[in-house]
Amino acid sequence: MAKNTPAKWTRKDLLGLEDLAAEEITCLLDKADDFFPCATGRAERPAGKPAPQTLKGRTVLNLFCEDSTRTRTSFTLAAERLGARVIQFHAATSSLSKHETLIDTARNIEAMGLDAIVIRHRERGAPHRVAEAIRCAVLNAGDDAHEHPTQALLDMLALRHKLGRLDNLTIAIVGDIRHSRVARSNLYGLTKLGSRAIFVGPPAFLEGLDDITAPVETSTDFDGVLAECDAVMMLRVQFERHEGVAFDLEDYKRGYQLTAKRLARAKEGAIVLHPGPINRGLELADEVADGPQSVILYQVTCGVAVRMAALSLCIGALDRECKAGRRPSGRAKRGRKS
Ligand code: CP
């Protein structure tokens, strides 16, 4: 695993990969590699080791306004394994239901003493707006169909571990591209590091990509692109975002379901990724999801290491800003005078 000289991480927020330099992405991935041996928390295993308690005494808020299994759980485990306390915010039972704004919600909870907010929201740009309004670190856990930076980083870490590099790879990203923040963040990340990402899907799923600021390569011919692929990243069909999208289930399966027969067209040693949750039997056949080329559960393990890296780098950058006087320190302001 080649390690470039990492740029010093200076951002208190991780909002997307669109604005990051290649060196910053590599810095995050290298830091995740440092944490990888303790990412599973199984310190009793020979390969495992206890995580450094670098976030001891810190508080992280998981502010999720959309459902999540992997991202919420792995941010929680990442923060706790570094010694932080994690507060779980549940939108449905919060004062958001009484029309409190997201910014007021974030400011009020920050006033109780926070170091980082991890936010998932259905509105594009919501984490960015929160980051402008508050002092503490903000990490985007997925905003609408815009960005999901830690998902793309964990995908890239899995690719780097399994294929040995992140340049000169060809990766097909297949399925409901139109509604996918995972596809967008991966496109930014992979192309910045010198790989090629091809968006593959039926025409209806390749519309609405005008917001993307990187060059976009698309194909409707899944079978045609497979021979070039080092990896195939399948996406979930996001039925909940499908209002007005023409979609025939059987047509889709015929053209875009990844079966073992179809996967045999890819390069030898090609690996299969999926961010989860999977629609089994729709975008992915069971034989592939659970087959030898699948790295889907390995991605999930990488996610803990990536989120440990993201939390510690962003909180570290925030601390340096406060120390340098560039940002008021909420902790100091909270200090009680005797
Ligand atoms: N991949 C992903 O974001 O999964 P969750 O929605 O379960 O967090």
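Arg-11 touches Asp-19, Leu-20, Glu-24, Leu-313, Cys-314 and Ala-317, leaving out residues up to four places away in sequence; a contact here means heavy atoms within 4.5 Å. This is a predicted model, in which local features need pLDDT of at least 70 and side-chain atom pairs count only at pLDDT 80 or more, while totals for chains, interfaces and linings use all residues. Residues are numbered from 1 along each chain as its sequence is written, and side-chain values use heavy atoms, with hydrogens and water left out.

**Arg-11, ahead of helix H1**

- You will find Arg-11 in the segment before helix H1 (22–35); helices (H or I, at least four residues) and strands (E, at least two) are DSSP runs, numbered from the N terminus.
- Arg-11 counts as partly exposed because its relative accessibility is 28%; the classes are buried under 20% relative accessible area, exposed over 50%, and partly exposed in between, with a 1.4 Å probe and protein chains only.
- A polar atom of the Arg-11 side chain lies 3.1 Å from the backbone oxygen of Asp-19.
- Glu-24, one of the residues that Arg-11 touches, is 13 residues from Arg-11 along the chain, and their C-alpha atoms are separated by 9.6 Å.

- Arg-160 belongs to helix H5 (residues 149–163), and it counts as buried because its relative accessibility is 6%.
- The side chain of Arg-160 makes a polar contact with the side chain of Asp-33 at 2.7 Å; such a contact is a pair of N or O atoms within 3.5 Å, where within protein one must be able to donate a hydrogen and the other to accept it, and residues adjacent in sequence count only if both atoms are side-chain atoms.
- The Arg-160 side chain also reaches the backbone oxygen of Leu-29, at 3.5 Å.
- Asp-115 sits in the loop between helix H3 (102–110) and strand E3 (116–121).
- With 1% relative accessibility, Asp-115 counts as buried, and its side chain makes a polar contact with the side chain of Arg-58 (3.2 Å).

**Gln-257, between two helices**

- Gln-257 lies in the loop between helix H8 (249–256) and helix H9 (260–263), and at 12% relative accessibility it counts as buried.
- Setting aside neighbours within four places in sequence, the contacts of Gln-257 are Phe-222, Tyr-252, Arg-262, Gly-281, Leu-282, Glu-283, Leu-284 and Ala-285.
- With Leu-282, the side chain of Gln-257 reaches the backbone oxygen at 3.0 Å.
- Gly-175 is 82 residues from Gln-257 along the chain, and the C-alpha atoms of the two are separated by 8.7 Å.

**The protein as a whole**

- Twelve helices and nine strands make up the secondary structure of the protein.
- A compact globule of 338 residues would have a radius of gyration near 20 Å, and the protein agrees with its 20 Å; the radius is taken over C-alpha atoms, and the globule rule is 2.2 Å times the number of residues to the power 0.38.
- The C-alpha trace spans about 70 × 50 × 35 Å along its principal axes.
- Of the 338 residues, 55% are buried.
- Looking at contacts between residues at least 6 apart in sequence, 73% join residues at least 24 apart.
- Carbon and sulfur atoms hold 49% of the accessible surface of about 15,000 Å², an area that comes from the Shrake-Rupley method with a 1.4 Å probe.
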